[in-house]
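Here is a short walk through one protein model, taken one region at a time. Keep the sequence and the structure in view while reading.

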Amino acid sequence: MSQAFDPIPSPPGIPFVGNIHDIENEVPLRSTHLLAQKYGPIFQLNILGNTMTWCNTHELIDEICDEKRFHKLVAGPLNQIRNGTGNGLFTARHGEESWALAHRLLMPAFGPVMIRSMFADMLDICSQLILKWERYGPNHVINPTDDFTRLAFDTISLCVTSYRFNSFYTEENHPFVQAMTRFLTESGTRSRRPRVVQTFMKSANAQYEADIQTMVDTCDEVVRERKAHPIEKNDLLNIMLHGKDPKTGESLSEENIKYQIITFLAAGHETTSGLLSFSMYYLLKNPHAYAKVKAEVDSVLGKIPITQDQVSKLPYIVAVMRETLRLAPSATAFTLTPFEDEVIGTKGGKRYQIKKGDAVIASLFEVHRDPAVWGEDAEEYKPERMLGEAFEKLPKNAWKPFGNGVRACIGRPFAWNEAIIALACLFQKFDFRMQDPSYKLEVQQSVTIKPKNFRFFAIPRTDTPSFHLTPGLINAAWRSGSAPAEADTEVKSAAPTSGEKRLYCYFGGNTGSCESFAQRIASEAPSKGFHATIGSLDSAAGRIPTDGPVIIITASFEGLPADNAALFVEWLKGLKGKELEGVNYTVFGCGNTEWAQTYQAIPKLCNSLLRERGAKALLERGEANAAVSDFVDQFDAWEGTLWKELAKVYSLKEQKQDTGITVENVAADRPTILRQTDAILGQVVENRVLTKPGIATKRHIEFALPADTTYQAGDYLAIIPTNPQESVYRAISRFGFLAEQRITLHAPGPTSLPVDVPISINEVLSGYVELAHPATKKNIQALIDAAVEGPERTSLEELLANHQTAVTDKRLSVLDILERHPNLHIPFGKFLEMLPSMRVRQYSISSSPLWNPEHVTLTVSILEGPALSGQGTFVGVATHFLAQLKPGDKVQLAVRPSSAAFHLPTSPEVPIVMFCAGAGFAPMRGFIQERANQIASGRQVGRALLFVGCRKENEDFLYKEDDLAEWVKIGAVEVRPAFSREPEKSEGCQYVQHRAWHDRADLREAFKAGCKFYICGSTTLSNAVKETCVKIIKEVRDCSDEEADAFFQEKAKERFATDVFG
């Protein structure tokens, strides 16, 4: 009796069309990735009656890559692409004799000798790209996917057909490229579109046919040109036109030559463009890899142009390309089918039946992330795992970006050589920085994938070789192994205006505090006689100015630099000598002593490295501690000292005239002005209260995300709020404006206010400044200077003398103080200068994309209560904004990734333990929701323990009666509550740490099972939980406090993730 087969998991389908609606049209990869997360190693879809099985693990792909059992299947999008490429190498069906003929004839053309002969042409086109970026200058925003498309297209056409399309000399891409892009996208869509529907899409069909004709016409032009003007060069076109198959003596037909040219031009440039674009993204996001590439290029190439012999001496660049193709394979999958009915999965104890002719899809995007091969850090970018012996030891079929077996990509050596040359030359010639350091990878997909909306700056390096080379010189350099001497290049700053000295202010931070302080200095600079430039620290990597003081304001995040400072820090660490002589600098660090081990780590590191490399400190490093209430005042005191020192060093006097914000009584892009360029418009779907009346309110808010926005459980949603209208009306009234009045602001230097455009007073006060921010000592001193002698001045002096208790502790704002002193008059522009710019607020997302990839939810505490100042009610700016939202409202928001550690393990079978209280439950809800969806899809998941703190069981036990009850029922989580006001209902445990100690036997069991721990909540909760863990360790290991703490610290590096606030 035959054994039964295991069912292959599948989402429910719809009659006639099957699972067509489970795959999105724009980026199908997003859908298949979510399905893989939900269903696991294998799942099956029915697309318009065709059965398609996705294999997502190395174990399964290793089976289906057996060419004795499976062969390539031209199906789905590939079958549609065949409309344009016919029986070319890429789309020929299994067994077509035309494929075997072309393969035997053309394979030798991609051998090592032929590739070496193409070097000069490759470098020729690469030099055109470099010259373009060089001429545009360091402030030009570069679209890499566009320029790398031009590079790859011109390279393949020149090397294969000796035909120049000159893409770098036209504004638009060549018509072939435009037609091919539309053709590939439409081919993918057609494969998921019912045939009857396709018939009625006359406009799309006409465009599709026109695009195919454009590609055919281009090929005809290339062949016609060659026949009219023959050349002796042994390129692929001559081989196709005149070559004879060594086995049969046959030649390629003219039709097949046309298909091969289209195939080479299309596949040959589309994939390389994606590889280079993704490589640049991952290098800019991973400063350690960026620094290693730069060091390797400088060591191997020095100051002369690359030669072919040096291409093989760049192993780290090769590792970068391999790792890039692991995480972002240009073709994310390939399709196979068995020769006969097959059974797979037996190595894992399963029996999945695959019938002859059915499509089996090797999902490279998933296989290249399989933790069984790549480990739990599979999502991390680590080129080191692709170096030398480490790469050679990879299991067979673990890395398959070029396809499988005899049908693998014939042009791999060509693409490899071209990409190495491009990356080496670009890093030799330029330094790079992202236009938006907070950019989160988005993908655009036709048949291949590329980064979407990814932009960067290319800053020419000094003392680098000239690429003004003629093909003759390049050929001479290649033949001799040498190169022409480099030309001197120097990049200079524009001259400052008369009487001013340049000042540079660079910030590095994720929360906005460092940028706000930098903005304060830049705004103040004109009145001190300086012309200020402000930018992120990464913008100074490799090019710290020497023509003016450099002010660095930065922070540490668990001992690491901020997103917009990582490249700078890595560059600084890579310097070896006195390269920074002539730089005059000072550093101010923002930090929080709650993180004692890493407090001020990056500011200290920057300061010491700058000194070691020859820079001169203008002032001792300053610092501000966010754990104490006078955080801003610490900066104000340091800033005052800074201006005094700069005045001495540069012999400048303070300007008497008012050079601050001026107001002209007469709309703007708020996210851009506030430097939140990743903000997009989301829409509120639901906003409901979770708690009972009479206690602190907590809300559940659901947003619909714009297209192309993705997230993971554990990520943040950044919100740009507006001030409460009551506060806005108070300010409008205090300065005697009308709510509808429009004004125009002017400023002499950089500012985060909307300048030089008419804007309503209401809009300025609502969205650009923090009205409720406590007044600083500097603010109060400015008010004292504006007050006349008398009771009001005396009152202000008392506030300054007792600033901590009278102002900071009571959260007394500048507006509060002005209302208390009705006879005190200051210009509205001065009032705006006193206020910090509106800050973005980040909240942990409380949902999983497996629930809904297009929606996110927040679980937030609403801050509201009597004002400590005694003036009405105090409300939190952002939470009040969120509480007032109604379904349909639009909100400026952005998804931002949390730390890599604060995500679920790659394998859902890894146990997890979660500690939280109040709204700290938010990310845990997302984690549990993800596991619940995986259970519903038939996957095995590890044990999940939730230790959650709240006041009372029936007051603020969030989601107790709906989501949590269901998730407990299906086994997604075990809940261990701690009710602080009803400890008798939680095993006598008042707080989370008490419940953890009570249930320590379960914690020990989870630890032995390899669990990962997560904490979200206040620093008090975090510290208490960690102390309890140390106490448990001490009990189990029978050791001292010090030994227990050391053991905890060691394990915490890999298995303990925290997201702490307050």
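The buried residues of helix 29 (791-801) have a cover that includes helix 28 (777-786), helix 30 (803-808) and helix 31 (814-820). The model is a predicted one. Within helix 29, the buried residues are E792, R793, L796 and L799. Viewed down the axis of helix 29, these residues fall within an arc of 115°, so they line one face of the helix. The face turned away from that buried side carries P791 and A801, which are exposed.

Helix 9 runs over residues 195-200, and V197 lies in it. Together with V196 and F200, V197 forms a nonpolar patch on the surface. The accessible area of the three residues together is about 320 Å².

The last stop is a position marked in a database record. In an unreviewed UniProt entry, the annotation "binding site" covers C409. Where does C409 lie? C409 is found in the loop between helix 18 (388-392) and helix 19 (412-429).

Terms used: Residues numbered from 1 in each chain as written. Predicted model: local features only at pLDDT ≥ 70, side-chain atom pairs only at ≥ 80, totals over all residues. Heavy atoms only, no water. UniProt positions renumbered as here; feature names shortened; annotations may be inferred. Helix = DSSP H or I, 4+ residues; strand = E, 2+ residues; numbered from the N terminus. Patch = residues over 30% accessible without salt bridge, like charges linked within 9 Å, V, L, I, M, F, W, Y side chains within 5 Å. Areas by Shrake-Rupley, 256 points an atom, 1.4 Å probe, with all protein chains shown as cover. Salt bridge = Lys/Arg side-chain N within 4 Å of Asp/Glu carboxyl O. Buried < 20%, exposed > 50% of the residue type's maximum accessible area, 1.4 Å probe, protein only. Arc of directions from axis to C-beta. Contact = heavy atoms within 4.5 Å.
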